[in-house]
Amino acid sequence: MSSGNTPDTYVRTADDPNDEDWWKEAVIYQIYPKSFNDTDGDGVGDIPGIRQKVDYLDDLGIDAVWLSPVYQSPQADNGYDISDYRAIDDQYGDLEDFEELLAELHDRDIRLLMDLVVNHTSDEHEWFQRSRRGEEPYDDYYYWREGDPDQPPNNWDSIFGGSAWSYDDERQAWYLHLFDEKQPDLNWRNPAVREDVYEMVRWWLDRGIDGFRLDAVNLLSKAEGLPDGDPTDRITGQEHFFNGPEIHTYLGELHDRTVERYDAVTVAEMGGITHEDALEYCGEDGDGVDMVFQFLWDGLGGDDDPEWEPMDWTLPELASIVTDWQTGLAGEAWVAPVLENHDQPRSVSWWGSEEYRRASATMLGTFLLTMRGTPFVYQGEELGMTNVEFDSLDELGDPSTKQRVENAIADGDIGGFEDARTVINLESRDHGRTPMQWTDGTNAGFTDGDPWLKVNEDYTEINVDRQRDDPASTLTYYRELIDLRHENDVLVYGDFALHYPDHESVLAYTRTLGDDRALIVLNWADDPTTVAAPDGVAIDDFELALANHRTAPATPGERLALDPWEARVYLA
Ligand code: NOJ
C-alpha cells in the first residue's frame with residue numbers, strides 16, 4: 001500500500017498489520033469472466049455481461065471484485081496465457097467496455113483488482129515470437145537452452161504434468177514452461193523483462209484500477225544453473241522454482257516500482273507455502289505484498305497419498321492448519337482466506353455435503369467470513385453451487401486435468417477415464433468453472449448460445465432468481481454474513497483462538513479485539529453432536545448474532561447441541 005510517498009521518493013515501508021485499511025475490511029468477490037454472464041450468445045461470458053450484474057454485486061454487499069484475466073489470449077489456459085497485456089480479448093469486449101465496467105463499479109464504491117500473470121506469457125506474445133527468432137533485446141526474455149532435441153535440459157516437471165521443457169524448431173532450442181507448453185516462463189533475471197513488466201503494471205494502474213491478484217508469483221525466481229530436482233517429489237524440480245533465491249528481490253522491486261506509487265493493493269497467489277513462508281512475503285520485513293491467500297487445502301494430505309484416490313483428511317488436521325495461519329500471522333501480516341476459486345472444486349462438494357447442501361454451504365460461508373483476514377468469495381459460492389458429474393475426458397475444459405489424466409494413462413498408472421472418474425468428479429478445476437447459475441431458464445440464464453462448458457444440471461434448483469428473495473436461501477445468508485462482518489471489526493481484526501483442537505466434527509474458535517469477542521461454532525458433519533461450552537469462555541456474555549439453523553438458541557448455554565452442518569456466530 002502507499003505510504004504517502006511521492007512517486008520520486010518512494011521507499012518501501014512495511015504496512016503495519018494492526019493498521020486499519022479498506023482492503024482489510026473488505027469482502028472481495030472473484031469473477032471468472034468466461035463463466036459469469038454472456039451477452040453476445042457466443043457461449044462465453046463477457047465484460048458487458050459483468051456490467052449487467054453490477055447491481056447484483058452491489059446488492060450482495062461486496063467491496064471489491066477480482067477479475068480473472070480478460071487480456072488478449074489464445075485461451076490455452078483460459079486467459080492465463082496472455083498474448084497482449086494491454087488489450088482486452090475480443091471474446092470479452094474491448095478497452096472501452098472495460099473502462100465502463102470500472103466506472104460503474106467505482107460509482108457503487110466497489111473496487112477492481114486485475115489478475116497479474118507475469119511468471120509467463122503466451123507463446124503467441126510478441127516478446128516470445130521475437131525471442132524465438134533470436135531478435136534482440138528479446139532473445140533472453142525467456143529460458144532458452146540449446147541441446148539434443150531428444151533430451152530436455154533438466155528433469156523438471158511442469159505443474160500441469162509432463163516435462164517443463166518444450167523444443168522449439170524455429171530457435172532450435174528448448175524453452176522452459178512451468179505450466180502449459182503455450183505458457184513459456186519469462187526470464188526474471190533479465191532486467192529488461194522486469195522493466196517491461198513494471199511499465200505494463202503502471203499502465204494498468206494509470207487506468208484507475210485498485211490493485212492486483214498476483215498469479216503464481218512465488219515461481220518467478222529459478223535456481224541458478226537450473227539444476228536437476230529430486231525425482232521423488234510430486235513435482236520434480238519444485239525445490240528449484242518455488243520460493244527461489246531471488247524471489248524477494250523481484251517482488252520487492254515490483255512493489256517499489258509500481259503499486260507503492262499508487263494506492264493499490266496486492267494479494268499473492270502462492271501455491272505450496274507455509275504460514276512461515278507467508279511472513280517473508282507480507283510480514284513487516286517482507287516484500288510489500290499486502291496479503292497472501294490462505295490455501296488451507298495445501299497443507300492437507302501428504303506427498304505419499306495415492307494420486308487417483310480422494311484425499312483423506314480429518315478436521316483436527318484442518319483445525320491445526322487454520323490455527324497456524326490465523327495465529328501465526330496475527331500482528332505480523334495479513335491473509336486472505338479462501339475456500340473456492342477457479343482452480344478448485346466447489347466447496348459444498350469437497351469440504352461440505354451435497355446431501356446437506358444449504359446447511360453445509362452456509363456453514364462453510366460462516367467459516368470463510370469469520371476468519372481473520374480478507375475473505376475472497378468465488379462466483380456461485382454464495383449460492384452453494386456444486387460439482388458436476390463428468391462422464392468422459394472430452395467434457396473437460398481444463399488443460400491441466402486433461403494432461404494429468406492423459407499422462408497417467410500413457411505411463412500405465414491408470415487404465416483410462418474410469419480409474420480417474422472419482423478424483424476428477426471430486427477435484428477437477430472444471431467444477432469451479434461451470435457457468436454461473438442466474439435463472440432456471442435455458443442454460444441457467446448464462447447464455448443464449450452453446451455454453452463453452454456444461455451447465456450444472458442442478459441449475460433449476462440452485463440459481464440467483466430463486467434465492468434472491470428467499471429469506472432461507474444461501475444467498476440471503478451470505479448477505480447477512482457480509483453485513484455482520486462489516487458491522488463488527490472483531491471479525492476482521494480480532495485474534496483467533498481455537499477450541500476443541502481434537503474434535504472430529506466441531507470446529508470452534510473465539511475472536512477477540514479489545515473488549516469485543518465473537519464465538520463461532522461449526523458442526524462439520526452429517527450427524528448431530530453436542531459439546532460442552534468451550535473452557536475459559538464466559539458464555540453468559542454471548543448473544544446469538546447469526547445462525548444457519550432457525551433453532552439455534554439465543555445464548556450458547558452450558559451445552560451446545562448442534563444439528564448437521566450447523567453454524568452459529570455469538571457476539572459479546
Ligand atoms: C494460477 C491460476 O489460478 C491458474 O488458473 C493458472 O492455470 C496458473 N496459475 C497458471 O497461470
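Student: In which sense do strand β7 and β8 pair, and over how many bridges?

Tutor: This is a predicted model, in which local features need pLDDT of at least 70, side-chain atom pairs count only at pLDDT 80 or more, and totals for chains, interfaces and linings use all residues. Residues are numbered from 1 along each chain as its sequence is written, and side-chain values use heavy atoms, with hydrogens and water left out. Helices (H or I, at least four residues) and strands (E, at least two) are DSSP runs numbered from the N terminus, and two strands pair if DSSP finds at least two bridges between them. For β7 (residues 165-168) and β8, the pairing is antiparallel, over four bridges.

Student: Which residue of β8 is the bridge partner of D168, and which residue in the hairpin of β7 and β8 takes a positive phi?

Tutor: In β8, D168 has A173 as its bridge partner. The hairpin of β7 and β8 has four residues between the strands, and the one with a positive phi, near 55°, is Q172.

Student: In what order do the strands stand in the open sheet of three strands that contains β8?

Tutor: Strand β6 (residues 144-145) also pairs with β8 in the antiparallel sense, over two bridges, and R145 has W174 as its bridge partner there. The edge strands are β6 and β7, each pairing on one side only. The order is therefore β6-β8-β7.

Student: Why does I28 count as buried, and which residues is I28 in contact with?

Tutor: I28 is found in strand β1 (residues 28-31), and I28 counts as buried because its relative accessibility is 0%. The C-alpha atoms of I28 and A64 are separated by 4.8 Å, although the two residues are 36 residues apart along the chain. Contact means heavy atoms within 4.5 Å. Leaving aside neighbours within four places in sequence, the contacts of I28 are A64, V65, W66, L113, M291, T374, P375, F376 and V377.

Student: Why are α11 and α15 described as roughly parallel?

Tutor: Axes are lines fitted to C-alpha atoms, for helices over the stretch in contact, and angles run from 0 to 180 degrees between N-to-C directions. Angles under 35 degrees count as roughly parallel, over 145 as roughly antiparallel, 65 to 115 as roughly perpendicular and the rest as oblique. The axes of α11 (residues 357-369) and α15 (residues 474-487) come within 10 Å and cross at roughly 15°. The two helices are therefore roughly parallel.

Student: At what angle do helix α12 and helix α13 pack, and which residues make the contact?

Tutor: Helix α12 (residues 399-410) and helix α13 (residues 417-427) have axes 10 Å apart and pack at an angle of about 145°. The contact is made by T401, R404, V405 and I409 of α12 with F417, A420, V423 and I424 of α13.

Student: Which strands stand at the edges of the open sheet of five strands?

Tutor: The order in this sheet is β14-β15-β16-β20-β18, with antiparallel pairing. Each edge strand has a single partner strand, so one side of each is left without a neighbour in the sheet; these strands are β14 (495-499) and β18 (543-547).

Student: Which residue stands opposite A518 in β20, and which strands does α11 lie across?

Tutor: Strand β16 (residues 516-523) and β20 pair in the antiparallel sense over five bridges, and A518 stands opposite L571. Helix α11 runs at about 150° to β16 and lies across β15, β16 and β20.

Student: Is W565 buried or exposed?

Tutor: W565 lies in the loop between β19 (559-562) and β20 (567-571), and its phi is positive, near 55°, in a residue other than glycine. Most residues other than glycine have a negative phi. Because its relative accessible area is 4%, W565 is buried.

Definitions and conventions
Buried means under 20% relative accessible area, exposed over 50%, partly exposed in between (1.4 Å probe, protein chains only).
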